[in-house]
Amino acid sequence: MCGNLVKKGNLGSPLILYNRTASRAQQLAQELGNCSVANSPSEAVAGADIIFTCLTDDHAVLELFRQILDHDVTGKLFVNCSTTQPATSDDLAAMVEKKGAGVVTMPGKFGVQDLLIVRQSRARIGRGVIDFSDEGHGKASLLKVIGNVFIVNMIETVAEGLVLAEKSNLGMENLHKFIQAIFPGPFALYSQRMISGDYYNREEPVVSIDMARHLAGEVLALAAASGTKLNAYENGYKHMEMVRSHAGAKGDISGIYGAVRQESGLAYENLKQE
């Protein structure tokens, strides 16, 4: 997202970055160029007209905005990209608008090249737009929560297919070629991450298993409240728990592949040398 803003956003001044881990913001600024790093959220907000936020959960989002809204934010536009419960998105919008600022609820990251367009900034940061401007902010968050069902089930499908290909002697590489031809994009990306061993060899996860489990809990709570049975997704959640048990907090959601391997009598790590 930051890369697209820097490259395609036609920015009038450097993009201001803030992360609780300052080294991450500094590293990203060096990689992208045309960026500066703020020392606090309030400093970042003070120097910007349009502010993008992306945090891990509802509590973190509300806590941050309580701090931000203690200052004058009149006329600013906040774009909240965090995945939150629909009710939290509605409450947050009311808080921001009460302080004289605007808010766009834009939970992102559905695939390899997620795309959304923020019309107010004219910055192309995504591939498409699903417009909920005539509905409550919570609808955008609801779509992200339900969309996660497709992501987890996709990862499950790839993981199970690769394990079956290995154990039936088709070969993972042959199935990977099929996936690349028929299901390019996220399917092929996760297939490559799995067969290469990337799912357990990273210093930091792409999608941390704790974050994935948190969102899965929200999905399952929504399903229970609406009387919907998600059999495939529940199986994915079971495998997330196995990833957490095996890899700890460094586990990645693609480690679902390792969990499926374990259930099928194989080692969690597919390329680990004995």
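View 1. At 43% relative accessibility, Phe178 counts as partly exposed (buried means under 20% relative accessible area, exposed over 50%, partly exposed in between, with a 1.4 Å probe and protein chains only). Phe178 sits in helix H7, residues 172-182. Helices (H or I, at least four residues) and strands (E, at least two) are DSSP runs, numbered from the N terminus. Together, Phe178, Ile182 and Phe183 make a nonpolar surface patch of about 290 Å². Patches consist of residues with over 30% relative accessible area and no salt bridge; like charges are joined within 9 Å, nonpolar side chains (Val, Leu, Ile, Met, Phe, Trp, Tyr) within 5 Å. Accessible areas come from the Shrake-Rupley method with a 1.4 Å probe, and for residues only the protein chains shown count as cover.

The model is predicted: local features need pLDDT of at least 70, side-chain atom pairs count only at pLDDT 80 or more, and totals for chains, interfaces and linings use all residues. Residues are numbered from 1 along each chain as its sequence is written, and side-chain values use heavy atoms, leaving out hydrogens and water.

**View 2. The salt bridge between Glu204 and Arg24.** The structure holds 11 salt bridges (a side-chain nitrogen of Lys or Arg within 4 Å of a carboxyl oxygen of Asp or Glu). In the pair Glu204 and Arg24, the closest N and O atoms are 3.2 Å apart. This pair links distant parts of the chain, 180 residues apart. Glu204 lies in the loop between helix H9 (198-201) and helix H10 (209-226), Arg24 in helix H2 (residues 22-32). Glu204 is partly exposed at 46% relative accessibility. Arg24 is partly exposed too, at 43%.

**View 3. The salt bridge between Arg261 and Glu166.** The closest N and O atoms of Arg261 and Glu166 are 2.7 Å apart. Helix H12 (residues 256-263) carries Arg261, and helix H6 (residues 137-167) carries Glu166. The two residues are 95 residues apart, so the bridge links distant parts of the chain. Arg261 is buried, with 4% relative accessibility. Glu166 is partly exposed, at 28%.

**View 4. The salt bridge between Arg193 and Asp252.** Here the closest N and O atoms are 3.1 Å apart. Arg193 lies in helix H8 (residues 186-195) and Asp252 in the loop between helix H11 (231-247) and H12, so the pair ties together parts that are 59 residues apart in sequence. Arg193 and Asp252 are both buried. Through shared partners, salt bridges join Arg193, Asp198, Arg202 and Asp252 into one network.

**View 5. Packing of H6 against H11.** The axes are 9 Å apart, at an angle of about 70°. Axes are lines fitted to C-alpha atoms, for helices over the stretch in contact; angles run from 0 to 180 degrees between N-to-C directions. H6 is therefore roughly perpendicular to H11 (angles under 35 degrees count as roughly parallel, over 145 as roughly antiparallel, 65 to 115 as roughly perpendicular and the rest as oblique). H6 residues including Asn148, Val152 and Glu160 meet H11 residues including Ala232, Tyr233 and Met240. Contact means heavy atoms within 4.5 Å.

**View 6. Packing of H11 against H12.** This pair packs at about 95°, with axes 8 Å apart. The two helices are therefore roughly perpendicular to each other. Among the H11 residues in this contact are Lys238, Met242 and His246; among those of H12 are Ile256, Val260 and Glu263.

**View 7. Val79 in strand E4.** The strand spans residues 77-80. Val79 is buried, with a relative accessible area of 0%. Val79 and Thr105 are 26 residues apart in sequence and 6.0 Å apart in space, C-alpha to C-alpha.
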